[in-house]
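Hello,

I am passing on the structure we spoke about, with some notes on what turned up in it. Please look it over before reading further.

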Amino acid sequence: MTEAEKLQKDAKRAGVNLVVMGVLHFFFAFFASLGYAIYLDYWKPFLVATLTAIVSIVAAAIVGGVLGAVIGVSGGTEELVGVIGLVVGFLFGLIAPLVSFLMFRSRVLALRDRVASA
């Protein structure tokens, strides 16, 4: 691949709309990350986000369980324990898409700088 072909390919990839990328990551995290990994030919964010999601599931279960036990012991209702579990799960569920989006965003901005300086 010549330098001109590489620059043309980078220019195409640098044109990714970051707002659309963010919205897709928020609503369709796994598929958005997979799609951008294929399109940008950059797999590191997808792999890191997948590992982060696995760790987040385990951490959410532990934190939710501990908080549920503390609330249950202190006389809280089952509904409150359920709501706390949902909130903890939702918050931990935001970590992996955010990691993926920020890593892809960094890559796109670097490509834009590279294209602009060429």
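Predicted model: local features only at pLDDT ≥ 70, side-chain atom pairs only at ≥ 80, totals over all residues.

Helix α6 runs over residues 95-117, 23 residues in total. From first C-alpha to last it reaches 33 Å, close to the 33 Å expected at 1.5 Å a residue. Its buried residues are Ala96, Pro97, Ser100, Phe101, Phe104, Val108 and Leu111. These pack against five helices: α1 (3-14), α2 (18-27), α3 (29-40), α4 (44-73) and α5 (78-93).

Now the rings. A pair of aromatic rings is described by the distance of the centres and the angle of the planes. The count comes to six aromatic pairs. In one of them, Phe30 and Phe46, the ring centres are 5.4 Å apart and the planes stand at 55°, so this pair is tilted. Phe30 belongs to helix α3 and Phe46 to helix α4, so the pair ties together parts that are 16 residues apart in sequence. Phe30 is partly exposed, at 44% relative accessibility, whereas Phe46 is buried, with a relative accessible area of 12%.

Phe46 also pairs with Trp43: the centres are 5.9 Å apart and the planes are at 80°, so that pair is edge-to-face. Trp43 has a relative accessible area of 36% and is partly exposed. Through ring pairs, Phe30, Phe31, Trp43 and Phe46 are linked into a cluster.

Regards

Terms used:
Residues numbered from 1 in each chain as written. Heavy atoms only, no water. Helix = DSSP H or I, 4+ residues; strand = E, 2+ residues; numbered from the N terminus. Expected span 1.5 Å × (residues − 1). Buried < 20%, exposed > 50% of the residue type's maximum accessible area, 1.4 Å probe, protein only. Contact = heavy atoms within 4.5 Å. Phe/Tyr/Trp six-rings, centres within 6.5 Å; stacked < 30°, edge-to-face > 60°.
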